[in-house]
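Here is a briefing on the interface and the nonpolar cores. Read it alongside the structure shown below.

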Amino acid sequence: MRKIFPAEELARDGRFIRQTNEQRMGDPRGARIAGGNSGDRLAKLTPELANGPDRARALMHGIFVGEIQALEGAGRTCWDFEVGEDVPLELKLDMARQCWDEARHCEISVALAEHMGTELGEYAENALLYEAACNPDPVLRLTGVNRALEGLAIDVFNTMKEFGNMAGDPVLEFCEDWMLADEVTHVKMGSDWLRRLTENDKERLDKALEFQKVVDRLFSFNGFRGEEDDSPIQLTRRFRELAGFSDDEIDEIADMSREARVEASS
Amino acid sequence: MTETKRPREPFAPWDRRALPGLFDVDETAKRVGHYKWVELKLFEALGGWVATVPELDVKMRLGTHCYHHAWHADLFDKRLPELREMKTDRLTLPANDHMVAFIDAMTEPEEAAMTIEKLVGVYRVLIPHKIAAYTYHRNATSEITDMPTVRILDFILQDEFNDWREGEMLIQSMIETEEELDRAMIHQTKLEKLMLAAGGIAGPGSIGDPYVEIPEEN
């Protein structure tokens with residue numbers, strides 16, 4: 001088995017449909033949750049919205065395919081790097097633990113998707129998340145995946161947990177809360193390893209943080225994740241702090257989101 | 001002195017643990033180092049294969065089992081300093097070159113259409129050999145002096161039995177034609193030959209030697 005497995009070869013059965021991000025965002029059924037931005041549609045995800053339940057279904061399917069890719073990415077980090085030469089054993093042990101967590105998240109989210117009336121493959125998948133997990137530098141890979149993408153997962157799961165609460169759906173709320181706990185752990189892993197592996201390497205630290213910004217920007221989807229009242233996905237300060245984000249870093253993500261909104265609306 | 005009804009023996013009548021064991025500290029450390037190396041190679045492979053396997057249930061099982069074997073590697077890694085090996089990497093070694101050849105052959109399949117080969121290598125060859133070696137070690141070492149290793153092996157064996165059963169059921173559910181059965185058997189035979197040459201996961205003597213030495217007659 002080779003090192004660094006390309007995103008276009010990710011193994012899927014016939015039910016999955018792979019699309020580019022642009023194509024996926026063009027899907028009118030659930031687009032405004034996870035992307036796009038037009039004045040008439042951007043709104044916080046609530047059950048009261050006319051298309052709220054459909055948005056939530058689309059988002060849950062997106063969570064499911066995201067969890068598969070997170071599982072695949074963590075698994076590849078176990079394989080792609082050599083203990084001692086590239087990474088410490090403890091980093092790989094963390095990634096193996098993340099594999100287990102992501103496998104459970106796949107099980108949870110596919111069951112929740114079914115619970116919400118969604119069929120597997122009803123929405124398309126892009127491979128953006130896994131692509132971030134192909135970075136050949138383990139520090140950049142962990143920063144991009146564990147801090148940027150798993151950080152986004154904190155925001156998404158908290159939003160879905162609130163949606164479950166508002167919708168009176170205890171199953172959804174319960175499961176999202178558990179997944180949220182795991183995500184905080186994963187982001188903290190990213191924060192801890194970034195600090196440990198770049199302790200005496202400022203240049204690598206800067207590169208990793210820059211890569212994190214690139215990934216964060218890529219997943220900003222025109223500002224859908226932010227702190228405004230109508231942000232479909234709410235930026236979650238408290239949990240990000242628990243996971244090792246500084247106030248400045250959270251401010252920066254919020255600013256990035258605001259800028260993306262302005263850019264999209266103009 | 002404390003008042004008791006009557007004095008008691010240090011070992012209760014039902015406690016038949018004995019002091020002697022087959023392995024001294026150095027031999028135990030050497031074996032534990034080989035076990036750690038195998039667990040490391042296994043969890044790396046299971047993690048790497050996740051992206052290459054299209055069957056959803058298999059993909060998720062591999063992710064779960066990946067962590068089990070990483071945890072085993074961690075348990076063995078933590079045991080090594082207790083066996084006087086402070087630089088654990090020094091003993092994290094394959095038993096011999098044949099064992100390296102076995103792992104290379106086991107981890108070779110990558111194509112999406114080779115899930116059967118991937119599963120057979122792990123669940124029909126490697127894990128049964130691990131169970132055998134760990135059981136031998138668990139039963140042959142001193143349950144008093146080396147109880148920490150026994151305890152570790154008990155935890156690990158519980159995982160191994162569960163994973164073995166799950167993996168075997170996945171294989172059985174995937175083999176639907178004679179051609180698929182042949183593929184499984186051919187791959188198993190190829191890997192078993194390599195394992196035979198290695199003498200087991202810890203080299204010759206992995207599960208002891210049951211034969212009796214008979215002195216030659218003059």
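Contact here means heavy atoms within 4.5 Å. This is a predicted model: local features need pLDDT of at least 70, side-chain atom pairs count only at pLDDT 80 or more, and totals for chains, interfaces and linings use all residues. Residues are numbered from 1 along each chain as its sequence is written, chains are lettered from A in the order in which they are written, and side-chain values use heavy atoms, without hydrogens and water.

**Cores**
- B:Leu62 is in contact with B:Leu46, B:Trp49, B:Val50, B:Val53, B:Leu119 and B:Tyr123, leaving aside neighbours within four places in sequence.
- B:Leu62 is among the residues with the most contacts inside the largest nonpolar core, which has 78 residues.
- A nonpolar core is a set of buried Ala, Val, Leu, Ile, Met, Phe, Trp, Tyr and Cys residues joined through side-chain atoms within 4.5 Å; buried means under 20% relative accessible area (1.4 Å probe, protein chains only).

**Interface**
- Chain A brings 32 residues to the contact and chain B brings 30 residues.
- About 2,400 Å² is buried between chain A and chain B, with 71% from carbon and sulfur atoms. Buried area is the accessible area (1.4 Å probe) that two parts lose on being put together, summed over both.

**Salt bridges**
- Chain A and chain B share 4 salt bridges (a side-chain nitrogen of Lys or Arg within 4 Å of a carboxyl oxygen of Asp or Glu).
- A:Arg2 and B:Glu110 form a salt bridge through their side chains, at 2.6 Å, N to O.

Conventions. Buried < 20%, exposed > 50% of the residue type's maximum accessible area, 1.4 Å probe, protein only.
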